[in-house]
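Let's walk through this model together, starting with one of its pockets and ending with a pair of rings. Have the viewer open as you read.

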Amino acid sequence: EENPTPCAITCNGEYAVPWSKTMVGTAPEDEAYALEVTYNYGIAGYERGTMLVGFGIYVDDLVDSIETAMELGYAVKGRVVEGPD
């Protein structure tokens, strides 16, 4: 979702700039949680400690999921898949 003007209801906090958002979920929003990542255009950085560091996702078969991630070229450290960025 791209928004060329600041959010009229301050949904981006103190950042009154154009913004975009990406949402990822496992079901419709009214049925399950979703991860929403917002990008505020023109913001060079954020105060350290106030940004997303990581998130976890439950999988039915951890071993198979780790093996698939490695086959796809993702970095795997223990039970954590890192990347692709």
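By class, 7 nonpolar, 4 polar and 1 charged residues make up the lining of the second largest pocket. Here Ala, Val, Leu, Ile, Met, Phe, Trp, Tyr, Cys and Pro count as nonpolar, Asp, Glu, Lys and Arg as charged, and the others, Gly among them, as polar. Val37, Thr38, Tyr39, Asn40 and Tyr46 lie nearest the centre of this pocket, which holds about 330 Å³ of space.

Before going further, note that this is a predicted model, where local features need pLDDT of at least 70 and side-chain atom pairs count only at pLDDT 80 or more, while totals for chains, interfaces and linings use all residues. Residues are numbered from 1 along each chain as its sequence is written, and side-chain values use heavy atoms, with hydrogens and water left out. The chain's mean pLDDT (the predictor's confidence in each residue, from 0 to 100) is 82, and 92% of its residues reach 70 or more.

Now back to Tyr39, which has a ring partner. The whole structure contains 1 aromatic pair. The ring centres of Tyr39 and Tyr41 are 4.9 Å apart and their planes meet at 80°, so the pair is edge-to-face (rings of Phe, Tyr and Trp, its six-membered ring, pair if their centres lie within 6.5 Å; planes under 30 degrees apart count as stacked, over 60 as edge-to-face and the rest as tilted). Tyr39 is partly exposed at 47% relative accessibility, and Tyr41 is partly exposed at 31% (buried means under 20% relative accessible area, exposed over 50%, partly exposed in between, with a 1.4 Å probe and protein chains only).

Notes. 1 Å grid on protein atoms, 1.4 Å probe; cavity = no way out; pocket = protein on both sides within 12 Å on 5 of 7 lines; lining within 4 Å. Points joined across faces, edges and corners; volume = space filled by probe spheres on them.
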